[in-house]
Amino acid sequence: MLTAEGCRARRARLWDAIEQKPDWILLSEPRHLMYFASFYADPFIFRTQNASALLVLGADGSSALVVDNMLASYADRAHVDERVVADWYTGKASAPERQRVLVDAAAGAMGRRDGSVGFDQMVP
């Protein structure tokens, strides 16, 4: 199991390896989420189907994980500084389109952050 210190070291190596550093990096590829934050949502659990998450890494060493409320228990175990949890399905009304909820929550989280952004190919 990855440790918080190990994830921070991996993120620091990522920043060291980038020649032209953006202010922020957005990652959504599942293997990147595991490698840099120890975030893993078991794909064999119904509530994780068609779910995504987004990891926001700052050049200052900060990290934030954006998920919907069905992935909150997985996010609680991730090694990040901040967790942004958006309501997707509460059992009280029909669920909106899941990816849209993640994108809106990520846009809100990024709205507080200025500067240039780099991202992996899985970022919605």
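Reader: What volume does the largest pocket have?

Author: The largest pocket has a volume of about 300 Å³. Rolling a probe the size of a water molecule over the atoms shows where empty space is left. Here a pocket is an open set of points on a 1 Å grid over the protein atoms alone, with protein on both sides within 12 Å along at least five of seven lines. Points are joined across faces, edges and corners, and the volume is the space filled by probe spheres set on them. Keep in mind that this is a predicted model, where local features need pLDDT of at least 70, side-chain atom pairs count only at pLDDT 80 or more, and totals for chains, interfaces and linings use all residues. Residues are numbered from 1 along each chain as its sequence is written, and side-chain values use heavy atoms, leaving out hydrogens and water.

Reader: Which residues lie nearest the centre of the largest pocket?

Author: Pro30, Ala41, Thr48, Ala51 and Ser52 do, out of 15 lining residues (those with an atom within 4 Å of a point). By class, the lining has 10 nonpolar, 5 polar and no charged residues; Asp, Glu, Lys and Arg count as charged, Ala, Val, Leu, Ile, Met, Phe, Trp, Tyr, Cys and Pro as nonpolar, and the others, Gly among them, as polar.

Reader: How many helices and strands are there in the chain?

Author: You will find 4 helices and 5 strands, in the pattern α-β-α-β-β-α-β-α-β along the sequence. These are DSSP runs numbered from the N terminus: helices (H or I) have at least four residues, strands (E) at least two.

Reader: In what order do the strands form the sheet?

Author: Strands of a sheet pair through backbone hydrogen bonds, either parallel or antiparallel. Here the 5 strands make an open sheet with mixed pairing, ordered 4-3-2-1-5. Strand 4 (82-86) and strand 5 (117-119) are its edges, each pairing on one side only. Strand 1 (residues 24-27) pairs with strand 5 in the parallel sense over 3 bridges (pairing takes at least two DSSP bridges), and Leu26 stands opposite Phe119 in strand 5.

Definitions and conventions: 1 Å grid on protein atoms, 1.4 Å probe; cavity = no way out; pocket = protein on both sides within 12 Å on 5 of 7 lines; lining within 4 Å.
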